[in-house]
Amino acid sequence: MSAELRKKIEVVLNALENEHEYCSFDELSERVAFGEGLSKEERFKAVVDTVCKYTLNTKDPNWMAKLYGGGTEMSFLAEMIISYYNQNCHTYSSSPLFTFAEEQILKKIIGYVGYGERASGLFLPGGSYCTLVGMICARYKKFPGSKRAGLNHPIQVITSVNSHYSIDKGAIMMGMGTDNVIKIDFEKTTAREFEEIVVNNNVFMINSTCGTTSEGTIETLDKYSDVLRKYNIWHHIDACVSGMALFSTKYRYLTSNFKHADSVTIDCHKCLNLNQQCSLLLVKEGDLLSDSSRITAPYLFHKDSEHDIANRSFQCGRRADGFKLWFCDQLDDLDAQATLIYDRNARLKQLIAEDPRFKGVLEYSMTHTCFKLVTDQEVQIHEITAALRKEGIFIEYHTDYFRAVIVNENIGEDTFKHMLDRIIATHEKLCSK
């Protein structure tokens, strides 16, 4: 590393400590501008200072809006290593240590799930892409000829009405079309009704969710298990939100059904709070990953390509996201990290239950805290959250209730109390206008 680069890194590190400001798009259009006649050093500092000032600080304890936080220090350092070496994790010869690390951490997580020796996995760019590859594996398992000839008839996937839109996106990318995504209410649909849907369609997969995006619900398919076995239907679990319970000895029981699924998707950049992005797909029949995607490429894969991960990936360009999780597993206590997130969420639920100004909703959620204001006045929930953003407090809302996601490791009990007080004060101010 050159002395000049070290100097620039120091400028960046100093700028990261600056105050941050939330602006509208139009405001940024006015403020993100740089004077003429600056030296290279002055312009570099001006650009860096501006970027850091107007970038949201997701490490701030008041960041509770999305399913990710500021990232851990170790995952930040792992990102530095990954970026500095800039390797492609497609072949072992081009990234030996990163490949080794990915295979090792996959083996460990496969053990947590309870899959056998035939299982395999991949780190992929985002949970939606992991789900897409899971869908492709499921289609290949039922229609192996689809890899070469495609399909000349419609096929269907079943999912919950509360599932993530990645199932619809996957159907579009696979050429199925969204009309072939059958959405049902898992709570209301009986096993008999479910079997009728299967019999009357060409269903190749069902998707359930361990931690829905809007509510944090953990869905189970126990009542459909006989039907799934009878018709040999692939079961994929979207555990992007709550799959990190695998890392917690206290909460791992929440993932006890993973071992029965054919594939599982987990986002470690969400509730494990690693830096974006760190998504993985696990497949019980691991050979399906390579069988459904492998293409002969003698210019890339050679006789000694046993550990070339791109042999089981649709991607040729692969970032070392697996190394990031391996690095954190070596140096952080991921068990404590995962457990703390659940425990803090439970604590906020308790504070709301004890506060007569609020009413909790969706108490079964393990990763989200959803609640309403107790008031006779009309609650302009979108106006409240917009006003709070101007104060640097970030929470979300869904229809008629607030939603706080407790992922950020810097959140404490004082943060919770301050947020609740500011919601009340903002509501009263809006009502007085």
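How many nonpolar, polar and charged residues are in the lining of the second largest pocket? By class, there are 7 nonpolar, 11 polar and 9 charged ones. Here, Ala, Val, Leu, Ile, Met, Phe, Trp, Tyr, Cys and Pro count as nonpolar, Asp, Glu, Lys and Arg as charged, and the others, Gly among them, as polar.

This is a predicted model, where local features need pLDDT of at least 70, side-chain atom pairs count only at pLDDT 80 or more, and totals for chains, interfaces and linings use all residues. Residues are numbered from 1 along each chain as its sequence is written, and side-chain values use heavy atoms, with hydrogens and water left out.

**Second largest pocket**
- This pocket (an open set of points on a 1 Å grid over the protein atoms alone, where a 1.4 Å probe fits, with protein on both sides within 12 Å along at least five of seven lines) has lining residues with an atom within 4 Å of a point.
- Its 27 lining residues include Glu103, Ala119, Ser120, His307 and Arg312, which lie nearest its centre.
- Helix H5 (96-113), strand E2 (120-124) and helix H11 (287-291) each give two or more residues to this lining; helices (H or I, at least four residues) and strands (E, at least two) are DSSP runs, numbered from the N terminus.
- H5 provides the largest share, 8 residues.

**Largest pocket**
- Leu16, His20, Leu56, Asn57 and Lys59 are the closest to the centre among the 33 residues that line the largest pocket.
- H4 gives the most to this lining, with 5 residues.
- The lining splits into 13 nonpolar, 10 polar and 10 charged residues.
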